[in-house]
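Good morning, and thank you for joining.

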Amino acid sequence: MRIATWNINGVKARIDTAAKWLSTASPDIVFLQETKSADEAFPAATFEDLGYNVARHGQKGFNGVAIFSKLPLEDVRFSLPGDEGDTQARFAEALVSVQGGAIRLGSLYLPNGNPVDSDKFSYKLAWFDRLHDWAVSHLATEETFVLGGDFNVIPASIDARFPDNWTDDALCRAESRAAWRRLVNLGLTDALRTTTNAPGHYTFWDYQAGAWQKNNGIRIDHFLLSPQAADRLKSVSIDKRVRGWDKPSDHVPLIVDLEG
DNA sequence: ATGGCTGCAGGATGCAGA
């Protein structure tokens, strides 16, 4: 089973690019972030015609997450527990049934958190705490789960081409990295880091200042796997090609292949 | 570089992103 996650930066601006990418990568399941579309304006039919069931949860103009699946989606939910007052569309989860059981899927768009002296940063850290609690509760049931998305965290210096540029940024502040480690240290597997300890594996290049041409990238899109999911991991890849296409998102897809 | 782009809503340009 192939699962991909991609911050698409506007699903309506990326319909043609997304259709092209889906046909070349052939994922069974896709997590999207930053769809920037209200649900009624989401171009679901385009993706249903490509064979996907579509679960989407968005807002006008910003945020927004989705899960596409060639298998039926069950138990679809769109809110991360822990703050009834949070109206931002940043989380979608669902179950798919496969041979040998179910897999829980979580597509997430973790808050950016800049500027760090604002309530945006405290919102990011609170959101991280809620995600931690979500993981604790699902680890307790020994479910197979796959959390993927734009975590807006550069886990370590090797995850940035120019780490010194990001020292005081919300993406790599000590509090953000501590929250990331606290989540991973529950027993989750950072999928990409099972394949390599090398620098140079990025998922985002800014539109500005020729970041792509200079390979000024960062790794902020991740898959975290529960132990049962990690046991099934076959391969991980970053589909960098997509950043060089016309009208690209500033993020590229990250892909995991699981047994079964 | 003064985020130097980009998408969105809307019908100009401000907001949001990382």
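Of the atoms of DNA strand B within 4 Å of the protein, sugar and phosphate account for 78%, and bases supply the rest. Please bear in mind that this is a predicted model, in which local features need pLDDT of at least 70, side-chain atom pairs count only at pLDDT 80 or more, and totals for chains, interfaces and linings use all residues. Residues are numbered from 1 along each chain as its sequence is written, chains are lettered from A and ligands numbered from 1 in the order in which they are written, and side-chain values use heavy atoms, with hydrogens and water left out.

Around DNA strand B there are 26 residues, of which E34, N112, D150, D206 and K247 come nearest; a residue counts as near if one of its heavy atoms lies within 4 Å of the strand.

Which part of DNA strand B does a polar side-chain atom of D206 approach? That atom lies 2.9 Å from a base nitrogen.

Let me turn to R219. This residue sits in the loop between β11 (217–218) and β12 (221–225), where strands are DSSP runs (E, at least two residues) numbered from the N terminus. Is R219 buried or exposed? R219 counts as buried because its relative accessibility is 2%, the limit being under 20% relative accessible area with a 1.4 Å probe, protein chains only.

Definitions and conventions:
A polar contact is a pair of N or O atoms within 3.5 Å; within protein, one must be able to donate a hydrogen and the other to accept it, and residues adjacent in sequence count only if both atoms are side-chain atoms. Helices (H or I, at least four residues) and strands (E, at least two) are DSSP runs, numbered from the N terminus. Buried means under 20% relative accessible area, exposed over 50%, partly exposed in between (1.4 Å probe, protein chains only).
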